[in-house]
Amino acid sequence: QVQVEESGGRSVQLGGSLRLDCVASGLTFSSSTVGWFRQAPGQEREFVAGISWRLNITYYAESVKARFTISRDNAKNTVYLQMNSLKPEDTAVYYCAVVPRMAWGAPRRPGDYDHWGQGTLVTVSS
């Protein structure tokens, strides 16, 4: 019933920008916390950014602070990840994850999220 769909992944040059979109359906989006994760080949899935459903508080991995911005539009059931100043180490499959009614914050552990998209590939070349 619940569907999560990411889009926007592309190949970009070092220093470029890209916006990823995540659309969720089949749940009350306005009371759902949303996180972005990424996974590079041979690596563990890692937390990138999150946004709480309470107060729209945002959270970022240290590696993307000041470069990435997460935001949400509840009227469109959509969360965005604006990525600027991209680096080759940002290359990964990016996943959107959703958890309804999380009490506080945006978890960094993948297992704390209930619903996942299929992923969208971002490649940054130098």
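Which cysteine does a disulfide join to cysteine 22? In this predicted model, the partner is cysteine 96, with the two sulfurs 1.9 Å apart. The S-S torsion comes out at -75°, making the link left-handed. Both cysteine 22 and cysteine 96 are buried.

Now for the rings. The structure has 6 aromatic pairs. One of them brings together tyrosine 59 and tryptophan 104, whose ring centres are 6.1 Å apart; their planes meet at 70°, so this is an edge-to-face pair. Tyrosine 59 belongs to strand E6 (residues 58-60), while tryptophan 104 is in the loop between E9 and strand E10 (115-116), so the pair ties together parts 45 residues apart in sequence. As for accessibility, tyrosine 59 is buried at 18% relative accessibility, whereas tryptophan 104 is exposed, at 67%.

Tyrosine 113 and tryptophan 116 also pair up edge-to-face, at 6.2 Å centre to centre and 70° between the planes. Here tyrosine 113 is buried, with 5% relative accessibility, and tryptophan 116 is partly exposed, with 26%. These two residues are part of one aromatic cluster, together with Phe37, Phe47 and Tyr95.

How values were computed: Residues are numbered from 1 along each chain as its sequence is written. This is a predicted model: local features need pLDDT of at least 70, side-chain atom pairs count only at pLDDT 80 or more; totals for chains, interfaces and linings use all residues. Side-chain values use heavy atoms; hydrogens and water are left out. A disulfide is a pair of cysteine sulfur atoms within 2.5 Å. Buried means under 20% relative accessible area, exposed over 50%, partly exposed in between (1.4 Å probe, protein chains only). Rings of Phe, Tyr and Trp (its six-membered ring) pair if their centres lie within 6.5 Å; planes under 30 degrees apart count as stacked, over 60 as edge-to-face and the rest as tilted. Helices (H or I, at least four residues) and strands (E, at least two) are DSSP runs, numbered from the N terminus.
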